[in-house]
Amino acid sequence: SITKRLIHEFARLGGPRPVPGGRRLDELTERETEVLALVAQALSNQEIAGRLFVAEQTVKTHVGRVLMKLGLRDRAQAIVFAYETGLVRPGE
């Protein structure tokens, strides 16, 4: 329910904004960007693995690398980052 409220609030606030700290999507591989977009849609690792036809452990590895590369603490921050950068938009 927290994730849904977070997404609703970003939808209310509008489009992409500059991200503090200079973190950028181009630091991620194509697959990491894809995983981040699916995380931002509130999918579990298991659901992401099913969509991408990879093992759940592979998804966990990608999520960990995304968090490390972008200097994020957790999935909630990753979701915020994805919306702030315009990687995902409400309703996608």
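Mentor: Let us begin with a term: an angle of 65 to 115 degrees between two axes counts as roughly perpendicular. Please also bear in mind that this is a predicted model.

Trainee: What is the secondary structure of the protein chain?

Mentor: The protein chain has five helices and zero strands. Read from the N terminus, its elements run α-α-α-α-α. Of its 92 residues, 34% count as buried. Among contacts between residues at least 6 apart in sequence, 65% join residues at least 24 apart.

Trainee: Which residues make the contact of H2 with H4?

Mentor: H2 contributes Arg31, Glu32, Val35, Leu36 and Val39, while H4 contributes Val59, His62, Val63, Arg65, Val66, Lys69 and Leu70. By class, seven of these residues are nonpolar, one is polar and four are charged.

Trainee: Which other residues of H2 are buried?

Mentor: In helix H2, which spans residues 30-40, the buried residues are Glu32, Val35, Leu36, Ala37, Leu38, Val39 and Ala40.

Trainee: How do the axes of H2 and H5 cross?

Mentor: The axes of H2 and H5, the helix of residues 75-84, come within 9 Å and cross at roughly 105°. That angle makes H2 roughly perpendicular to H5. On the H2 side, the contact is made by Leu36, Val39 and Ala40; on the H5 side, by Arg75, Ala78, Ile79, Phe81, Ala82 and Tyr83. The contact has eight nonpolar residues, no polar residues and one charged residue.

Trainee: At what angle do the axes of H2 and H3 cross?

Mentor: The axes of H2 and H3 come within 10 Å and cross at roughly 130°. H2 is thus oblique to H3. The crossing in which H2 passes H3 is right-handed. Arg31, Glu34, Val35, Leu38 and Val39 of H2 meet Ile48, Arg51 and Leu52 of H3 in this contact. Its residues comprise five nonpolar, no polar and three charged.

Trainee: How many residues does the largest nonpolar core have?

Mentor: A nonpolar core is a set of buried nonpolar residues joined through their side chains. The largest one here has 23 residues, and those with the most contacts inside it are Leu36, Val39, Ile48 and Leu70. H2, H3 (45-52), H4 (56-70) and H5 each supply at least two residues of this core. H2 gives the most, with six residues.

Trainee: With which residues is valine 39 in contact, leaving aside its neighbours within four places in sequence?

Mentor: Valine 39 is in contact with Ile48, Val63, Arg75, Ala78 and Ile79.

Trainee: Let us turn to the backbone. What should I look for in the phi values?

Mentor: Most residues other than glycine have a negative phi. Alanine 42, which follows H2, has a positive phi, near 65°. Alanine 42 is found in the loop between H2 and H3. With a relative accessible area of 43%, alanine 42 is partly exposed.

Trainee: What is the phi of phenylalanine 53, and is phenylalanine 53 buried or exposed?

Mentor: Phenylalanine 53 has a positive phi of about 60° although it is not a glycine. Phenylalanine 53 is found in the loop between H3 and H4. Its relative accessible area is 76%, so phenylalanine 53 is exposed.

Conventions: Residues numbered from 1 in each chain as written. Predicted model: local features only at pLDDT ≥ 70, side-chain atom pairs only at ≥ 80, totals over all residues. Heavy atoms only, no water. Buried < 20%, exposed > 50% of the residue type's maximum accessible area, 1.4 Å probe, protein only. Helix = DSSP H or I, 4+ residues; strand = E, 2+ residues; numbered from the N terminus. Axes fitted to C-alpha atoms, helices over the stretch in contact; angles between N-to-C directions. Parallel < 35°, antiparallel > 145°, perpendicular 65-115°, else oblique. Contact = heavy atoms within 4.5 Å. Nonpolar A, V, L, I, M, F, W, Y, C, P; charged D, E, K, R; others polar. Core = buried A, V, L, I, M, F, W, Y, C linked by side-chain atoms within 4.5 Å. Left-handed = near helix turned anticlockwise from the far one by under 90°.
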